Every structure is written in C-alpha cells, then in structure tokens.
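Subject: Structure handover

Hi,

Here is the structure for you to look over. My notes follow below.

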Amino acid sequence: MIHTAKEYNLTFSPLITTKQTRRNLPIWFHPGRNPTREAPNHGTTVRCLQTVHHIFTVGQLQDLVANFPHDKVPKPDQEEEEDLCYCQRCEQMRANECPDPTKCYETAKHVLKSLKPKWNPDLQTIDPDEFKQATERAIGNLRKDKFDHIFPNGLSDYTKMENGYRLFTKKQTKWPDLQIKILPPHEMNLSQDEYFLEAATSGISNMEAKGGYGILTPNNQEISGKIPKDTPVNHLNALVLGTIWIVHQANLNTNIIIHTNSTALIETLTSRLHELENENWKNFKNREPIRVLLANLRTRRGLTILREHNENTNALKRTKAQEAAKASLNLALPERTQIADLDHNKVLGMKLQSATQASLYRAALEHDRANRPPQEKRATKQILNDIRNAAKSKLGSNPTDETIWTAIKSKNLNTKKLLAFLWKLANDALTPNSILARNPALAERAQCPKCEALEDDDHLFTSCHASGQKHVWPIVKQLLRKKKVNWNPPKKIGDILSCCLPNKKDKSPPNESEGKDRLRTILVAEAAWTIWVQRCKWRIEEEGNPNKIPTKAESENRFLYALNQKLTIDIMASDEIKYKKKAIPGDLSLNTWKDIVNNQELEKSIKYHKNNGVLVSMGPSRVSHPG
C-alpha cells in the first residue's frame, strides 16, 4: 500500500491549513519543516521527548513549549545555587526519568521554530468562517444582475483535513513553505470594471488548428492573444487564457465583470468548479492554464463576476471583442503560455476522499501513460500518415493523430466487430504476414496462394484477385455516385480508413452533408469487412483452394446483404419511444439512405420504424414487398 501511494504521489497538501490541522500533524520527520542540528529528528533528547514526554504531534510539542520558560525554583534548604529547577513540574519530569527538562524544552522550541510558515501553529492563519461571512456580505451589497455568476473562492472546503489528501500530484520531498495569500473582500466595494471576452478558433482537429481570444477593456482598448503551441486549441482554452490576461491586468481590489457567452467557462469557474478540481481536471489535456487562472482568482480581493450575454448586453462592445478575437488568428504563434508562477496557490491532484474506483482506474492509466508512454509501431505511424494524405487530397483536411483515432471510433459504426476491425487495420494487426515474411522458414505462409505476392493489408484490400475486392469496391462507387459523392476504389489502407473523417470539400447543406459522410463511412467500412470475411473463409475454411475463390455474384450478394441488414437496423432504431436517447434520428437515417433506395418507401418505413421492403440494390431503386 505504501509503495502504491508513493508510485501515484499521494501527498497531504491542503490549500489552507487551520490551526487545528497544524496541531494534529505528526511532528517527527514532518515534511513541512527543515531539520537542523538544533532541531533534529533523532537523538537522545528526541528519544526522551518521545518516550518520557510522549510528544508525537505538533500540538503536544506546542503545549510542552508553552510551559517554559518559567521562574526557576531552588531546592529547599540549599545554600549553593544550582542550574536545576525544583518546581513540581520539573520534579515530576525527572521522576519520569527525564534527565534534563530544560534541554528537552530547548530542543522542542527549536523543532517548533523549524516548521515552515504554512505548518507552524504559532503563526497567524486564515479564518475560513470569517472569510466566508465577509464574502457573503460583499455579495449582498453588490449590484447583481440575474445573469451574473460569481466565482466562489470556496476556501472553507479547503480547510478540511480530508481535502488535503490528494493523488497524482507532482513528486515532492518537502511540503510547500507558504499557503495561499488572500484577504477578505471589501464589503462595501461597489466599483466595477467591465470586460468583454470572446474567442475564435479555426481548423479544430487539424494539424494547422489555431485559436485565440479578444478582449475589450473598460477603456475600450481591443486586446488580442493567441493560443500557444503547448496548449490544445479549443474554445474553452482560448477563454481561459483571455481570463488570465484580464485577472493580471485588473486591480486586485476592484470587482470585475467579464461578459461572455460561454456556458462552459461559466460552469467551469462556478457550479462545476469543485467537482472538476477534485477530479484533477480529467478532461483537460493541458491543466496548467486553468490551475493558474484559479490561483490568481483566489488571490483577488475584489469579486469576479461572469455575466452571460443577454438582451441588455452592449452589442457594439461585443462586436469589437469578436473582431479582436478574429484578429488573434493572424498573430504569430507563441511558443508557450506566459503565466505567473503561483504554485502555493494551486490545487493539484485528485481528492482521495471523493475518488471512485472507476475514476482512480482512469487516472492511474493516464498517470502510467504519461510516465511510461507506449511506443508507437512504425507501421502504425505510416498508416496514420497515409490516412492524413488521403484526407488532404480527397477530403480537404489535415487531421491530427488524435482526430483520426477518434474518427475510427465513429458513432456511425454501431457494431463492435466493425470498430475492432478498423482499429486492428489502423494498427497493422489484422494478419501476422509482415512478420512471417521476415522468417525464411515461415515466409511461404505469408504469400497469397492466388497472386503469389506478400499478403499484407494493402494487397488484400486493393489488389488481391481472390479476396473479392475487385467486385465489392465498384458497388461502393456506384452507390455513392447515386448520392453525388465522388469516390474511387482505394489504392492504400489510408484510403479505406479515411472513410470515417468528414468531407470538408462538400459544400452541401449541413444535414445533407452529414448524410453523405455517414453513408460513405458505412459503405466503405462494410465493404472492407466483407472483403476480410471472404478472405478468411477462403484461406481458413477452404484452405486456399483455387476452385473455391469467391465469385462475383457471391461477393456482391454478401455485401448487399450486409448493407440491407444495416438499413433495416437504421429504420428500426429510429423509434425514439422505444430506444429513447439511443435512437438514431429519423432525419439522419433518411439523409443517409435516400437516393440509393426508393425514397417514398424509405420515408414510410422510417415513419413506422419497420422495413416495408426497402432494399439497397445495384440497379434502380426498388422495393421488395414481403410475401
């Protein structure tokens, strides 16, 4: 258990330490103190303090020191003066086998002084109750709008001892010296500075993604800033960096109002703050900006108010902030986020008390990946590059690796077998033939019996004469042509796997474009699966018999059967009453399959959630009525 706690950096690091918390901590080998020669952790005097005086906590040590110094009481009926004190307390200590109570006191005093300011009970600390009451009075005196959301310092939650135990923090051998520096807000502070904050992004999920923020200050100055290289590009990160700029520029004692239309920013800094912070910001890839923002917000004496846009929002000022945000996209890209260092004000790690088994498991996986990142296969890198090249030339996008992996888990493919198949295909894990080919004794098994060439994935899906690929891909092309989608049979694996990515070149209306992308994903994925199934059947069941190679009719019928099964599932799954949130929207199904089947019968089938004989076929759209 101790080994696991060390591995995942379990620490005790509360944002605020009350006097009671400081007194309850163990004093010996306290990570929040600096041992010196005068204040050791071991030795004869320390052993006496432990065994005779029973000193183990900071509070017990503080009580001992409080009893000294006192006036020395001489021994009765003794003429010569001695250094020893003969008061009742000192006599009792010596009776308990303490050889020198004064020396024990001197050591205890030095040990207590060696505690850092954050952990020393003799030093002043924040009273969370007084702070909370002062904040409530300040909010009560505020001219508050119904669209206002006030950033909660929530300091009373951070004074609890159980909140201090946190996992997955930074490795540290010593505890921080300082605690958060904060003063209660001015109760009658009515001055307010208003800022308008907007964000702009471009090319999200692409390699060339960029984003930034625009701010209109109280003196109508337009400020633009760009998301740096070390921060993922998204709307929320742009707003967080913009808010950091505002907090740095604003007067610490003045209330500030930030006008924003971002529900995500408002919830992150208000209603969901403690939940996200206790989970260690699990969905944030770069957590440093949000932690720095909170560290700065908590040191402000003035209140921070987030105001939602409403009918009373100044439209001209909002427009100026939007223009500043758009202008930020043309700025030079900064290397890293320029943020102040306020480590003693940051809340790090996951709160141990509120962690669940599931959240701990996810966090442990993330921690292990960060410290021991898995090595990516050379073949996988090449396939990802092929997918990217295919997307550039055919779809008008340049997706990141993360975007590609997310797309492969497409919601348009609602069967686990297809998702697993595509994942293996992207990882060059379908067949071991590329490995077998390097072994002279097994090289023959890696050859295609029909083509007498290496049976790798490219061969199997693009050029093999025995897998049926030359019969299946033309059907995909013909069906997509009915949908007015320009598509050609694949030449590489990347052409197949790019089917999960959206077509940025398509200028159709959004609903129509979504239907085209979904149909392309379904057709290409189902075609690749059909080819793979036929190959496995021929190589394994038929043992590569040249007389058992799938015919054109077999390949076409197998593929069309799979498509009609998918169509029937789509029609049945459009029943929102039966499947509720899991239902496939009827409009989406209609936009996917129309023009390649009989549209009138398709609409009727979707309306009643029952396939009335609608079939995907090679020829004109037709209906095959039951019976």
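Is the crossing of α9 and α12 left-handed or right-handed? The crossing of α9 and α12 is left-handed (the near helix is turned anticlockwise from the far one by less than a right angle; clockwise would be right-handed).

First, the ground rules. This is a predicted model, where local features need pLDDT of at least 70, side-chain atom pairs count only at pLDDT 80 or more, and totals for chains, interfaces and linings use all residues. Residues are numbered from 1 along each chain as its sequence is written, and side-chain values use heavy atoms, with hydrogens and water left out.

Helix packing

Helix α9 covers residues 235–249 (helices are DSSP runs of H or I, at least four residues; strands are runs of E, at least two; both are numbered from the N terminus). Its axis lies 9 Å from that of α12, at an angle of about 30 degrees (axes are lines fitted to C-alpha atoms, for helices over the stretch in contact; angles run from 0 to 180 degrees between N-to-C directions). The two are therefore roughly parallel (under 35 degrees; over 145 is roughly antiparallel, 65 to 115 roughly perpendicular, the rest oblique).

Helices α22 (residues 510–541) and α23 (residues 552–572) cross at roughly 135 degrees, with axes that come within 10 Å. That makes α22 oblique to α23. Their crossing is right-handed.

Salt bridges

The whole structure holds 21 salt bridges (a side-chain nitrogen of Lys or Arg within 4 Å of a carboxyl oxygen of Asp or Glu). R318 and E198 form one of them, at 3.3 Å, N to O. R318 is in helix α13 and E198 in strand β4, so the pair ties together parts 120 residues apart in sequence. E198 is buried at 10% relative accessible area (buried is under 20%, exposed over 50%, partly exposed in between, with a 1.4 Å probe and protein chains only). R318 is partly exposed, at 26%.

R372 also pairs with D368, at 3.3 Å between the closest N and O atoms. Here R372 is exposed at 54%, whereas D368 is buried at 18%. E455, R535 and R539 are linked in a salt-bridge network.

Backbone

Two residues to check by eye. W281 is not a glycine, yet its phi is positive, near 50 degrees. W281 sits in the loop between α11 and α12 and is buried, at 1%. H609, also not a glycine, has a phi of about 55 degrees. H609 lies in the loop between α26 and β10 and is partly exposed, at 27%.

Best wishes
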